[in-house]
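Hi,

Here's the structure I promised to pass on.

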Amino acid sequence: MSTYKVAIVGAGPAGYFAAQALQNLQTDDLQFSIDMIERLPTPWGLVRSGVAPDHPKIKTVSKVFEKVATAGNFRLFGGVELGTDISIEQLKEMYDAVVIATGSALGKKLGIPGEDLPGSLSAAEFVPWYNAHPDFHDIDISLDCDTAVVIGAGNVAMDVARMLTLEPSELDPTDTADHAISAFKKSSIREVIISARRGPEHAAFTSPELRELPKLEHTNVLISQADIAAAIVRAGEEIEKDTKSNLDAMLLISEKEATNHDRTMKFQFLATPVEIKGSGKVEEVVFQKTGSDEKFSIKCGLVITAIGYEAACIAGLPYERGKVLNRDGHVSENLYVVGWAKRGPSGVIGTNKSDASDVIKLLVSSLKPAKNNGDVSDLLADKKFVSQSHWEAINAAEVAAGEPLGKPRKKAVLREELLGLGGL
Ligand code: NAP
């Protein structure tokens with residue numbers, strides 16, 4: 001029997017699905033010992049710090065992750081950073097294979113004047129802020145204006161706009177960070193404009209997310225019927241199923257009667273942002289009507305860009321256009337990559353399952369005779385790390401703290417606080 005040691009770097013969905021794929025390929029003769037290395041003291045990646053808190057069903061996939069983690073041949077090393085605490089070369093040397101699953105953490109930039117003014121930020125900062133990510137709890141977010149503009153026409157833009165326009169008490173029974181709930185309760189924002197540079201027929205929203213908008217109990221959702229009618233004409237007869245479903249969902253929203261709710265989410269199409277203006281902080285966004293020279297501007301105090309992500313570079317890994325350079329998930333020698341770090345920021349959480357499974361099949365078919373080159377814990381002798389049992393203590397403490405408040409969990413935010421809950 002051969003036991004191969006595999007390191008997976010990144011404890012998000014792609015990392016867990018890679019571990020699960022390895023476990024599924026085990027036989028009496030082929031065993032894997034899996035070490036998952038994670039920068040944060042908490043695992044689950046975007047399931048903890050990305051998925052919108054008002055979408056708790058999506059987070060139930062964490063049950064799958066915990067099943068993988070407790071399967072017996074799995075160790076978690078949380079709070080350990082690749083490139084700082086440990087290098088790629090050390091991992092390649094020590095393990096039979098190394099799988100990078102570090103995602104895409106950086107928000108893409110628009111590259112227009114004024115983008116760096118205070119009051120302009122990326123969803124890559126705003127989303128982890130409301131989700132209690134330890135690195136983003138104290139970023140400067142001004143909600144003391146009446147209008148915000150969200151740039152981008154994808155599901156992240158929609159999550160951001162929903163979080164800003166829900167009646168904040170609707171977030172009380174969720175695991176939204178306490179600091180974000182209190183900021184939303186004080187927020188003056190009453191109108192959020194989701195702005196797309198192309199027409200509704202090209203929007204990257206998915207229709208289940210659009211179909212939930214008319215059900216919001218305290219938010220007006222406005223789409224112009226004329227915009228959808230024009231998009232239906234432009235899309236023509238040979239329309240793809242998903243596009244048709246999106247346009248049908250947007251048509252339903254556009255036909256809904258106006259309500260007198262306090263908060264409004266409004267969609268704007270065919271508007272290319274060209275400049276963000278303001279003296280010392282955001283005051284307006286200037287748009288060009290896409291396909292024409294006509295310009296117009298919207299006064300606002302907050303701009304959030306949700307236009308995609310790219311991978312943050314880790315020393316020792318090759319990158320190209322925001323992703324780790326790879327061929328079908330193979331990077332070099334015994335090094336592989338899965339998830340958004342491999343294919344860019346696309347697809348839903350489940351997409352990572354088939355993606356990781358394909359890469360792991362390739363990895364297994366290329367294994368050389370097993371090495372026996374020491375244990376990662378030797379390299380981390382002086383380092384406090386979060387093991388699976390520490391994480392289980394953190395998890396149980398957060399769930400217990402949430403229970404009397406009617407929340408699925410009350411998240412701890414600061415690293416020291418999290419380590420304390422884990423008994424470290
Ligand atoms: P996305 O779906 O790729 O959408 C990005 C949007 O940004 C597109 O509308 C794109 O427009 C626009 N954009 C890109 N560059 C731009 C620029 N320079 N100026 C103006 N607009 C620009 O990305 P995402 O919203 O970040 O989502 C990432 C992935 O996570 C997606 O697969 C998404 O479905 C998934 N996700 C799923 C859920 C869920 O299931 N509930 C929630 C959140 C995220 P163009 O098309 O014109 O380029």
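Below is what turned up when I went through it, starting with the overall layout and then moving to single residues.

Before you start, keep in mind that this is a predicted model.

**The two domains**

The protein chain splits into domain 1 (2-105 + 310-386) and domain 2 (109-307). Where the two touch, domain 1 contributes twelve residues and domain 2 contributes 16 residues.

How big is an interface like that?

While we're on salt bridges, take a look at Arg39 and Asp135. These two form one, and their closest N and O atoms are 3.0 Å apart.

**Aromatic rings**

Next, the rings. To describe a pair of aromatic rings, you give the distance of the centres and the angle of the planes. This structure holds 14 aromatic pairs.

Why is the pair Tyr16 and Phe65 called stacked? The planes of the two rings are at 10 degrees, with the centres 4.7 Å apart, and a pair counts as stacked when its planes are under 30 degrees apart. This pair also links distant parts of the chain: Tyr16 is in helix 1 (residues 13-24) and Phe65 is in helix 3 (residues 62-69), 49 residues apart. Tyr16 is buried, at 0% relative accessibility, and Phe65 is buried too, with a relative accessible area of 0%.

Phe287 and Phe296 make another stacked pair, at 5.3 Å centre to centre and 20 degrees between the planes. Phe287 is buried at 0% relative accessibility, whereas Phe296 is partly exposed, with a relative accessible area of 26%.

Which residues join Tyr16 and Phe65 in a cluster? Phe17 and Phe74 do, with ring pairs linking the four.

One more ring to look at is Tyr95: Lys5 lies over its face, at 5.4 Å from the ring centre.

Most residues other than glycine have a negative phi. Trp44 isn't a glycine, yet its phi is positive, at about 90 degrees. You'll find Trp44 in the loop between strand 2 (30-38) and helix 2 (46-49). Is Trp44 buried or exposed? It is buried, because its relative accessible area is 7% and the cut-off for buried is under 20%.

Asp328 also has a positive phi, near 50 degrees, and it is a residue other than glycine. Asp328 is in the loop between strand 17 (323-324) and strand 18 (330-332). With a relative accessible area of 60%, Asp328 is exposed.

**A covered helix**

Cheers

Conventions:
Residues numbered from 1 in each chain as written. Predicted model: local features only at pLDDT ≥ 70, side-chain atom pairs only at ≥ 80, totals over all residues. Heavy atoms only, no water. Phe/Tyr/Trp six-rings, centres within 6.5 Å; stacked < 30°, edge-to-face > 60°. Helix = DSSP H or I, 4+ residues; strand = E, 2+ residues; numbered from the N terminus. Buried < 20%, exposed > 50% of the residue type's maximum accessible area, 1.4 Å probe, protein only. Lys NZ or Arg CZ within 6 Å of the ring centre and 35° of its normal. Domains from an automatic or database assignment. Contact = heavy atoms within 4.5 Å. Salt bridge = Lys/Arg side-chain N within 4 Å of Asp/Glu carboxyl O.
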